Amino acid sequence: MTLSEKFQALRRQIIDEEYSDLNPRQREAVYYSDAPLLILAGAGSGKTTVIVNKIGYLLKYGNTYNCDEPSFDVTQSDLEYLEESFRDPSIRLTNGYSFLMREARYSPYELLAITFTNKAAAELRERIGAKFNLDTTSLWALTFHSVAMRIIRQYAHLLGFEKNFSVYDENDSIRLIDSILKRLNINQQYTGKKVKHYISQAKMSYQTPEEFADVFDDRQNSHVPLVYDLYQQGLKEANAMDFDDLIFYGVKLLEDFPEVAERVNNRFKYVLVDEFQDTNDLQSRFVRLLAKGGKICVVGDDDQSIYRFMGASPDNILSFDHIYPDAMTVRLEQNYRSTENILDAANSVIAHNRSRKGKTLWSENGTGEKITYHNLPSQFEEGQLIASKILEGKVRQGKKYSDYCVLYRTHAQSNNIETALRSNGIPYRVFGSLAFYKRKEIQDMLAYLNVINNPYDYTRLSRIINEPKRGIGDTTLEKVLALAVRDERKFYDVLKDAKSYPELSKAAEKLTSFVALIEKYREMVPTEPLPDLFEKLYGEIGYENMLKSTYGLEDYKSKHENVMELLSNIKQFIADADDPTLGGYLEQTALVSATDTLDDGDDAAVLMTMHCAKGLEYDTVFITGFEEGLFPSMPSLGSTADIEEERRLCYVAMTRAKKKLHIISTRSRLLYGTVRPGIPSRFLEEIPHENMETAGGINHDPYARVQPKPQPRQPRITQIPVTVMPERHSTAVKYSAGQRVRHKIFGEGVITEAVNMSSDSLLTIEFEKAGVKKLMANFAKLETID
DNA sequence: TTTAGCTCAATTTTT
DNA sequence: TTGAGCTAAA
């Protein structure tokens, strides 16, 4: 054995030792860094751990493990030092040691890790920072859009934009499109939302308006390409970009401007992409361009691709090895999250999909409990069942509320469940329904900041110019717009000059004072701390007074609190951001969704859509509304590809559960104001018998599709308490088993069990008509019968 | 210019 | 059923 071979063997031993916590597949994924790498990471397979370790490995060892011969002459003393450090862990991490180990070590500056969500990016940064004592500020672990944003900021002038450009979210974009449709006087067969969708698709195909016009063949709506064109003009005039533009212009800079490509490609030597199954064609193109100067590794799970409807093409992952013929694939199939019953069931469901790479998850977590299937009369019982299961788990098994997660296909389903949880005193949180940043008061205040930052942002400007009311109405704005078009001036410049336009007559005064307000704050920006500026602004424009006089006391309070929340958000940002400026703050808010603020601090059950649940895990999961037409959803029933996406969603939902999974379908469901019969979802039949039990018995056989029978009208709760976190007050009445009681809805029954909790008791009551229910004494409002 | 009442539409949404 | 956005009247 030559010195060099000994050295090689020894350092492999050392590296293996360092990564001994990982399983062999995970290690392979970490070590393999020579060629394009596709990591197919099943649900719960320790994907983030692998990414973090891989980044650490690249920083420390480069591609040491797989190179056959060290590229330098190994001396006897190198070997001795290595041997010594191997025996004595305390010398392991010294500089001398890592120098000897390194073959082609990467600097943090040369690495780029791309994710979809800010949350994932933040988690990555945090874990890298915690694991390696390294300066990771130069390591980019960012979302797709932030990566593009950083590049575009630097080269905005090449694209004809100012550096301080605004970013439009979905809402802003639709506002702009609506205003164009209105101007064109197009009969509203196509809503702004629909047109936005087409434009978005065009951008994802990297088509300019002209190119799009050539291929768009919907004659009925031939104006769409024109709207696309006008929309782009409008954005440019407002010095603004939408989300798709960020990627679009990112690609453009890298393709059309060699000097940009050169700088970028000289920098990034290793590009990692997370959730690759969610990339759309343009994003995937962007990734290829970014990775041109180095190596690439993508991580994803084709079985968890659930955003095809937004343009994601799971084909990107399926065809990775066509694009990179020398690509290597590693499958991570060991699951560390769920029990075998849950995994086997999920595997069996997803196996019904045809377009997939194919993977089978396994675990060493034991068989666990079977999945429980419940077939219930209506959405009313669905809520009740969930409430009673949660209470039971809380009392009997000492579980926390936050161990429970309720999943549904559409937000509209949350109401029934909320009602049931409220009436049982179970604290809960609903995620994703009304995002913080989408609330009107927040959008308004942010629009002010945006206009102060970029007064040409016409869409935001028109949002706030009369909010609070300043007597500047649509008529005036239309006049200004007409003048701007006539004189080929920017909207804001006409406002500024309002007094020199006789056409504006009386309105000119109001317009000028609005401009003066904006200008005053623009001048304050460089010197005034942002939180102070914000507070002054909030007071000066009289927004709070407007809230007070427009809304009732409750609404006013909550809206004002939201604005205060925004203020503390600003303070926080200024305190710890890299770029604590107004521009920096707006950039952040533009790219940060409210789900990022998902705080899991308090003990509350969690309600969300199945889409929202991706990446999360809970001890016990309820999948509700397991009915044909709801899940899989009605619009998906016609196409195999859509059904397959629903099936992937089912797979995602099932694999969120660690220990226990409940699946619920109802025989009749009230949704969107109409009662519709429920037929158990086709996915139910795809779950093996041995992994699932059916609760109840009669009429509950999941494998015989139940024909809906007309059900007696369910009693409905009319009085709904408003509190989400109900107060607990001790009961005066003490209940005990054997007692007869009357419930407002369920009627008369006998208490069969009473379990005392801190200030309340969980009662199991056998009702004569309604059957057995579990209720909290404080909330059940029972009457005792002697 | 504002607002009350009416119509219409309603999967999923990382940025 | 719920809500957002538009029209008609004040």
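How many salt bridges does a search of the whole structure find? The search comes up with 46, and keep in mind that this is a predicted model.

**Salt bridges across the chain**

- Let's start with R153 and E587, which pair up in a salt bridge with their closest N and O atoms 3.1 Å apart. R153 sits in helix α7 (residues 144-155) and E587 in helix α28 (residues 582-591), so this pair ties together parts that are 434 residues apart in sequence. Both R153 and E587 are buried.
- Next up is R337 with E617, where the closest N and O atoms are 2.8 Å apart. Here the partners come from loops: R337 is in the one between β9 (334-335) and α17 (340-350), and E617 is in the one between β14 (605-609) and β15 (618-623), so the pair ties together parts that are 280 residues apart in sequence.
- E617 comes in at 38% relative accessibility, so E617 counts as partly exposed.
- R647 and E686 also meet through their side chains, at 2.8 Å from N to O.

**Cavities**

- The count of cavities of 30 Å³ or more comes to two.
- The largest cavity has a volume of about 50 Å³. Its lining is made up of F276, S284, V287, R288, I296, N316, F320, I323 and Y324.
- What classes of residue line the largest cavity? You'll find six nonpolar, two polar and one charged.
- The second largest cavity has a volume of about 40 Å³. Around it are E627, E628, G629, L630, R669, L671, R676 and P677. The strands β16 (657-671) and β17 (674-677) each supply at least two residues of this lining.
- By class, the lining of the second largest cavity has four charged residues, three nonpolar and one polar.

**The second largest pocket**

- About 950 Å³ of space lies in the second largest pocket. A set of 33 residues lines this pocket, and S179, R183, Y458, S462 and L481 lie nearest its centre.
- Which elements give two or more residues to the lining of this pocket? They are α8 (170-184), α11 (224-237), α21 (458-464), α22 (474-487) and α23 (491-496). Of these, α8 gives the most, with seven residues.
- The lining of the second largest pocket divides into 16 nonpolar, ten charged and seven polar residues.

Key: Residues numbered from 1 in each chain as written. Chains lettered and ligands numbered in written order. Predicted model: local features only at pLDDT ≥ 70, side-chain atom pairs only at ≥ 80, totals over all residues. Heavy atoms only, no water. 1 Å grid on protein atoms, 1.4 Å probe; cavity = no way out; pocket = protein on both sides within 12 Å on 5 of 7 lines; lining within 4 Å. Points joined across faces, edges and corners; volume = space filled by probe spheres on them. Nonpolar A, V, L, I, M, F, W, Y, C, P; charged D, E, K, R; others polar. Helix = DSSP H or I, 4+ residues; strand = E, 2+ residues; numbered from the N terminus. Salt bridge = Lys/Arg side-chain N within 4 Å of Asp/Glu carboxyl O. Buried < 20%, exposed > 50% of the residue type's maximum accessible area, 1.4 Å probe, protein only.
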